[in-house]
Amino acid sequence: MVASTASLAPPCRSSLSFTSSSGRARAPPPRAVRCSAPSDIDAPPLLRAAKYTVDRYIKSGMVVGLGSGNASCMAIKYLGQQLRAGTLEDIVGVPTSVTSASEAAKSGIPLDDYQGCSQIDFAFDDADIIEEDTLIAVIGRRKLEGGESIIQEKFVLNAAKRIVFIITENKYKGALDGSVPVLVQSVWRRPSIGHADPFGGDFPVVTKDGHNVLDVIFTSPIANLAQVAESLDRVDRVVDHGIVSKFPCTAVVVSESGVSVIDSALTKVAGYPAL
Ligand SMILES: O=C(CO)[C@H](O)[C@H](O)COP(=O)(O)O
């Protein structure tokens, strides 16, 4: 459960600046490009997307960030199958959560800890929502009580040379809605009865890194996720948040009609094999 709730006025798209948290201006990313994707037409669409991601992006010898969520779980299992079949060799997985670590261990994928790992060749992950064009994602809206960690997940994604989000079509949007999870240093909460402390009170979630989670709820569409991330980065006692801004970034999007690949780097599209 979330610790508490706050609201934030949505930023205005007209002031989009793409300034990084270090204050450096960066060029707006190219528009995402869509192309159709591939084979294995009998499998359920999410599984096709997971298999496509493994087949297309993972090569023998890679260090691979292993995401969290349904699609990532399928990709982890399929990666394990490819290792057992000998189609892929010498893969080391870096899990983004306890759940992905456990799934990878069951699938026979050798693992490394994210804290001991500075270079990750490729990572895949689920997301709660992805902004069209920029491919900026929100992760971590679900409960944070099963060993998930936004800090761990973002560390792995940021350390990866290339990332792919595997999502269903309803998560790929122009006008984003809902909430952004924000990690804050634990605060003492006033109890309605009894005693309170950072680990109790009215039972707020305390993450495995020792933080509380605020869900910043937007009551109108989020016009500009990059600007929301910048604003949050400037708030005192905010440790991290669920907005992932990474370039280049690819979304493998599942719809009823099939699987599409949307790539934020126009130049990469030409390199795709015929699908
Ligand atoms: O934090 C996340 C990705 O790590 C997402 O919140 C979550 O995993 C989405 O899961 P699903 O795709 O199964 O709904």
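Modeller: Gladly, and please keep in mind that this is a predicted model. We can begin with handedness: the crossing of α2 and α3 is right-handed, and the contact is made by Cys73, Ile76 and Lys77 on the α2 side and by Ser100, Glu103 and Ala104 on the α3 side. Sorted by class, the residues of this contact comprise three nonpolar, one polar and two charged.

Colleague: At what angle do helix α2 and helix α3 pack, and how far apart are their axes?

Modeller: Helix α2 (residues 70–85) and helix α3 (residues 98–106) pack at an angle of about 25 degrees, with their axes 8 Å apart. Angles under 35 degrees count as roughly parallel, and α2 is therefore roughly parallel to α3.

Colleague: How should I read the packing of α1 and α2?

Modeller: Helix α1 (residues 45–57) packs with α2 at an angle of about 50 degrees, their axes being 8 Å apart, and the two helices are therefore oblique to each other. Their crossing is right-handed; among the contact residues are Leu46, Leu47 and Val54 of α1 and Met74, Tyr78 and Leu79 of α2. By class, this contact has nine nonpolar, two polar and two charged residues.

Colleague: Which residues are around the ligand?

Modeller: They include Ser68, Gly69, Asn70, Asp125, Asp126, Arg141, Glu153 and Lys171. For polar contacts, one looks at distances between N or O atoms: an oxygen atom of the ligand is 2.2 Å from a side-chain N or O atom of glutamate 153, a polar side-chain atom of aspartate 126 lies 2.5 Å from a ligand oxygen, and for aspartate 125 the corresponding distance is 3.2 Å.

Conventions:
Residues numbered from 1 in each chain as written. Predicted model: local features only at pLDDT ≥ 70, side-chain atom pairs only at ≥ 80, totals over all residues. Heavy atoms only, no water. Axes fitted to C-alpha atoms, helices over the stretch in contact; angles between N-to-C directions. Helix = DSSP H or I, 4+ residues; strand = E, 2+ residues; numbered from the N terminus. Parallel < 35°, antiparallel > 145°, perpendicular 65-115°, else oblique. Left-handed = near helix turned anticlockwise from the far one by under 90°. Contact = heavy atoms within 4.5 Å. Nonpolar A, V, L, I, M, F, W, Y, C, P; charged D, E, K, R; others polar. Near = heavy atom within 4 Å. Polar contact = N/O pair within 3.5 Å; in protein donor to acceptor, adjacent residues only side chain to side chain.
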